[in-house]
Amino acid sequence: MKILILGAGQVGGTLAENLANEANDITIIDSDGARLRELQDRLDIRTVQGAASYPTALRQAGAEDADMLIAVTNSDETNMVACQVAKLLYKTPTTICRVRANAYLAKSELFYQRDQTKDLDSLRGFPIDVLISPEHLVTKHITRLIENPGALQVLEFSKGLTRLVAIRATKGGPLVGHELSYLRTHMPKIDTRVAAIFRKDRAIMPEGNTVIEDGDEVFFIAAGDHIKSVMSELQPLVKPYKRIFICGGGNIGQRLAHTLENRYQVKLLERDHERCVMLSENLRKTVVLEGNAANKDILLEENIESTDVFCAVTNDDEANIMASLLAKRLGARKVLTLINNPDYVDLIQGGDIDVAISPQQTTIGSLLTHVRRGDVVNVHSLRRGAAEAIEAIAHGDHRSSKVVGKRLDEINLPEGTTIGAIVRRNEVLIAHDHLRIQPDDHVILFLVDKTRIRDVEKLFQVGLTFF
């Protein structure tokens, strides 16, 4: 595919790296010449220095014959206008736009829906085919972690029917120290599949005789209502969370408080007085506090030692890290920390900070969903981009497809790839060798090596006999 990426920041640069490695024709536009040179030195891409929304810059980048435009600059307005210019002047087939400000997102009439009209001349609103809100994605990610105590990552497929969960195996869990085959004996009525195990950052492809060790990072897949039962096998039962403390009242903090306040006791700490006033007026049950989270006295005064989850979600990585470390030392049960700089994530996760959340990786997965070849409807980037989980729809028949009609043990999967589950007509079927893939099945795959994604895409592409 020929893809234009507008914005060479963390998301734009990471996306360019992902897509360039998959043999796409990538051009990236940004006004920062030094950043563009740095990317061009590392990646096989074209770069254009200029204003991303200007018609001249888009034409220079090849907008006339581009298949897709992805606007991820730091300016919502630039992203929205660039999509409009590309669609109206250059008839770009697909436009994807990152929008952060809730003031825009709250007005759905600003954006036309692709399936509502095919007539570009009659468009009303910004012609954006796919709208992505990082704040919304991060809020959903944090909410799932709070709803599933003990999880490191919770990913949904097929509208929540099935979930992929990452969990740290801990001494005291019934399965720890036993072979995976013991799980079926111990829980005969619950079907699950361990998709991958990471031990000291080394991927292990699970077999029935694989022994789970204390400290393993285990990825398993199961129907949504079986998740908690399987988690209880891998670590001692964690009590449901009740008290949530949010540090930072920005877009993410406000969204998170609004999402949680009807089910949990929520406190939100914000240092800006005017923002505090606005938050207290808009949040119904959340206790809004004014102050600095790095102030030990404030945390002690608010009984931080009885807090179940401390979420640091300000725009400042260093402030988030310091506030999280302080909260943990003062007795908070679990600490979730928002980290924008990807270089920090590996440094801090797993110590005093329980889970480091990267908005870039959360956003990248959503973007890749719309770029993958074949009918891929879900992509989740895992382990800081090294692994990937995808949901692909099988099409065709036994003559035109490499997967339809075949038993799972007959499919020639790329090395390091496992099929975790199949969703068929809203029924979750955990992957077993005897299952056959039928047309329109949603197949959920886990790749420990995401460089094999092209081979997986080819498996799900339909041959010419289908047409």
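## Working through the aromatic pairs, strands and loops

Phe111 is buried, and Phe126 is buried too. Here, buried means under 20% relative accessible area, exposed means over 50%, and partly exposed is in between (1.4 Å probe, protein chains only). The model is predicted: local features need pLDDT of at least 70, side-chain atom pairs count only at pLDDT 80 or more, and totals for chains, interfaces and linings use all residues. Residues are numbered from 1 along each chain as its sequence is written, and side-chain values use heavy atoms, with hydrogens and water left out.

**Exercise 1.** Work out how many aromatic pairs there are, and what Phe111 and Phe126 tie together.

*Solution.* Start with the rule: rings of Phe, Tyr and Trp (its six-membered ring) pair if their centres lie within 6.5 Å; planes under 30 degrees apart count as stacked, over 60 as edge-to-face and the rest as tilted. That rule gives 4 aromatic pairs. One of them is Phe111 with Phe126, at 6.5 Å centre to centre and 40° between the planes, a tilted pair. Next, place the residues: both Phe111 and Phe126 sit in the loop between helix 5 (102-105) and strand 6 (130-132), so their pair ties together parts 15 residues apart in sequence. Helices (H or I, at least four residues) and strands (E, at least two) are DSSP runs, numbered from the N terminus.

**Exercise 2.** Find how the rings of Phe219 and Phe446 are arranged, and which elements they belong to.

*Solution.* First the geometry: the ring centres of Phe219 and Phe446 are 5.1 Å apart and the planes are at 50°, so this pair is tilted. Then the location: Phe219 belongs to strand 11 and Phe446 to strand 22 (residues 442-447), so the pair ties together parts 227 residues apart in sequence. Now check the cover. Phe219 has 1% relative accessibility and therefore counts as buried; Phe446, at 2%, counts as buried as well.

**Exercise 3.** Starting from strand 8, trace its neighbours on both sides.

*Solution.* Strand 8 (residues 162-168) is mostly covered, with 6 of its 7 residues buried. Pairing needs at least two DSSP bridges between two strands. Strand 7 (residues 151-157) pairs with strand 8 in the antiparallel sense over 6 bridges, and Glu156 has Arg163 as its bridge partner in strand 8. These two strands make a hairpin with 4 residues between them, and Ser158 in the turn has a positive phi of about 50°. Now go to strand 11 (residues 217-223), which runs antiparallel to strand 8 and is joined to strand 8 by 7 bridges.

**Exercise 4.** In what order do the 5 strands of the open sheet stand, and which ones are at the edges?

*Solution.* The order is 18-19-22-20-21, with antiparallel pairing. Strand 18 (376-382) and strand 21 (427-430) are at the edges, each with a single partner strand, so one side of each has no neighbour in the sheet. On average, neighbouring strands of this sheet are turned by 20° against each other, direction ignored. Inside the sheet, strand 20 (residues 417-424) pairs with strand 22 in the antiparallel sense over 6 bridges, and Thr418 stands opposite Phe446 in strand 22.

**Exercise 5.** Where do Arg425 and Asp440 lie, and what are their phi values?

*Solution.* Begin with the background: most residues other than glycine have a negative phi. Arg425 has a positive phi near 50°, and its place is the loop between strand 20 and strand 21. With 70% relative accessibility, Arg425 counts as exposed. Asp440, also not a glycine, has a positive phi of about 75° and is found in the loop between strand 21 and strand 22.

Definitions and conventions. Axes fitted to C-alpha atoms, helices over the stretch in contact; angles between N-to-C directions.
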